[in-house]
Amino acid sequence: SKKITKICCIGAGYVGGPTMAVIAQKCPEITVTVVDINEKRIAAWNDTDLSRLPVYEPGLDRVVEEARGRNLFFSTDVDKAIDEAEMIFISVNTPTKTYGKGKGMAADLKFIELCARQIARVAKDDKIVVEKSTLPVRTAQALKSILHNTGNGVHFDILSNPEFLAEGTAIEDLHAPDRVLIGGEDKGAIEALVQVYAGWVPRENILTTNVWSSELSKLTANAFLAQRVSSINALSELCEKTGADVNEVARAIGTDSRIGPKFLKASVGFGGSCFQKDILNLVYIAKSYGLHEVADYWEQVILMNDHQKRRFADNIVTTLYNTVSGKKIAFLGWAFKKDTNDTRESAAIYVADHLLSEQAEIVVYDPKVPAEQVYADLDYLNTRSEDENRRLVTVINDPYEATKEAHAIAVLTEWDEFKTYDWDRVYNNMLKPSFVFDGRAILDKESLEAVGFDVYTIGIGDGTMR
Ligand code: NAD
Ligand code: UDX
């Protein structure tokens, strides 16, 4: 099959940016152009100050530095990039629909369809179109019907190549993926994409399947991963009641090689742009085929996650003598996990929303999330006015300032730096009694108690024989 030398990627987000940067880094003979309609985002990708890239990911700055201007380009000229490319990745967002049929469940495919129509309009020679976005199974059918009805004789091959990187570890994940998945019909097109990845991924780690298996595997992988988190979180509540310690339980079961040790960390709830969206999508697809038991089974993963966020907030209220009205609660962390500036669906947003409804005052510290993002996340919920969000929530970029005179600290993200703080100093500046609610089980409960804190850790019950 023909060797690809020109790639275009539509969508310069958390997936398109890092993924294409690594392809460009590993395949210097391929020119990679990443395009987006968001001018600010493209300008940030082109910023000479690498600390201002739009996506924070450890190691990303060095990859961009190496490839940008050599064979990696960021541009807003979508038509030109489509016209010149032999292979076009579609990596635009596919959020949950917020209107109409399937509202709150189905994936909104309008951005995908717009890309397909633009490709159909612009392309003058044959192209391989690659679904990089996470899509409902059978989307390739829709793309095919849009692309193949242009009447200009251009031939399109459609491949599914879902992305399995996790934020915070995107560069490691892209450099050494457990597997690359490519689904398609045309052997030549599949081989052309295999060749790109073979630039650095061992052949045996490149799986090829039919296009529907590939599309469905992405939703399935995220459903299984999220299910593990909801499973351990369900047990975390039982641990608290029975005196068990969920970390000990996780270790005990995780050493069974059939279960495995990963993704068993109890938390205040999973967040991120993928898990909830993709499971809701899976549930919607199952329902649309009349598979109600299948739909209900997977929906429970989401319901458990909602419960976990809610009960964490409720526990703060109960512990603070049943009222947080007018009390200052300091949030350590706002991102949905450590080592990212992404806050989409972060548990912190929902915990804050519950506490704000109880009239708490919240002070947020996160090492990578700017104030305007915190406000945007809360405003998006539409629970209260924008003015009220700004009156009740303060964002401070110093953890010691943020916790000063607080009634309680809530740990919402597992940032490593939280473990290194001078907790004596934090304690001395707080109101007494000083409460810590550790939603990530990262702080050492016993040493904080020795300092004087009242500590609640997710999933840890009282282990004594009383
Ligand atoms: P994102 O919102 O960060 O980026 C998407 C970008 O696409 C935006 O910058 C947007 O401006 C751009 N865009 C939308 N329509 C466009 C158009 N018509 N032309 C040009 N640009 C357009 O989203 P993301 O997190 O990168 O996710 C992209 C896809 O990858 C989603 O389907 C998601 O489910 C999937 N995915 C995400 C992750 C993750 O960790 N974030 C992991 C695997 C898969
Ligand atoms: C996820 C998938 O892991 C990735 O393969 C896919 O491509 C995109 O979606 P991401 O959402 O970026 O990646 O991060 P992930 O590490 O999966 O974490 C998701 C959420 O689950 C985070 O809020 C995280 O804190 C939480 N989590 C994860 C736990 O609470 N406990 C765990 O043991 C693991």
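Q: What counts as a helix here, and from which terminus are helices numbered?
A: A helix is a DSSP run of H or I with at least four residues, and a strand is a run of E with at least two. Both are numbered from the N terminus.

Q: What kind of model are we looking at?
A: Residues are numbered from 1 along each chain as its sequence is written, while chains are lettered from A and ligands numbered from 1 in the order in which they are written. Local features need pLDDT of at least 70, side-chain atom pairs count only at pLDDT 80 or more, and totals for chains, interfaces and linings use all residues; this is a predicted model.

Q: Which helix gives the largest share of the shell around ligand 2?
A: Start with the neighbours: 19 residues surround ligand 2, with K265, S267, F270, G272 and C274 closest. (To be near, a residue needs its C-beta atom, placed from the backbone, within 6 Å.) The largest share of that shell, three residues, comes from α9.

Q: Which domains each give at least three residues to the shell around ligand 2?
A: The bounds here come from an automatic or database domain assignment. The shell around ligand 2 takes at least three residues from each of two domains, namely domain 1 (6-209) and domain 2 (275-457).

Q: How many residues does domain 2 put into its contact with domain 1?
A: The C-alpha centres of domain 1 and domain 2 lie 33 Å apart. Domain 1 brings 15 residues to the contact, and domain 2 brings 14.

Q: Which helix supplies the largest share of the shell around ligand 1?
A: Ligand 1 has 27 residues around it, and G11, G13, V15, S133 and T134 come nearest. By class, the shell splits into 13 nonpolar, ten polar and four charged residues (Ala, Val, Leu, Ile, Met, Phe, Trp, Tyr, Cys and Pro count as nonpolar, Asp, Glu, Lys and Arg as charged, and the others, Gly among them, as polar). Three residues, the largest share, come from helix α5.

Q: Are α5 and α6 roughly parallel or roughly antiparallel?
A: Axes are lines fitted to C-alpha atoms, for helices over the stretch in contact, with angles from 0 to 180 degrees between N-to-C directions. Angles under 35 degrees count as roughly parallel, over 145 as roughly antiparallel, 65 to 115 as roughly perpendicular, and the rest as oblique. Helix α5 packs on helix α6 (residues 139-147) at about 30°, with the axes 9 Å apart. So α5 and α6 are roughly parallel.

Q: Why are α9 and α10 described as oblique to each other?
A: The axes of α9 (residues 211-242) and α10 (residues 246-254) come within 9 Å. They cross at roughly 130°, and that is why the pair is called oblique.

Q: How many charged residues are in the contact of α9 with α10?
A: I232, L235, S236 and C239 in α9 meet V246, V249 and A250 in α10; two residues are in contact if their C-beta atoms, placed from the backbone, lie within 7 Å. The classes come out as six nonpolar and one polar, and for charged residues, there are no charged.

Q: Is the crossing of α1 and α3 left-handed or right-handed?
A: The axes of α1 (residues 16-26) and α3 (residues 60-67) come within 9 Å and cross at roughly 50°. That makes α1 oblique to α3. A crossing is left-handed if the near helix is turned anticlockwise from the far one by less than a right angle, and right-handed if clockwise. The crossing of α1 and α3 is left-handed.

Q: Which residue is joined to K432 by a cis peptide bond?
A: Most peptide bonds are trans. This cis one has an omega of about -10°.

Q: What is the phi of D339?
A: D339 lies in the loop between β9 (328-332) and α13 (347-357). Most residues other than glycine have a negative phi. D339, a residue other than glycine, has a positive phi, near 65°.
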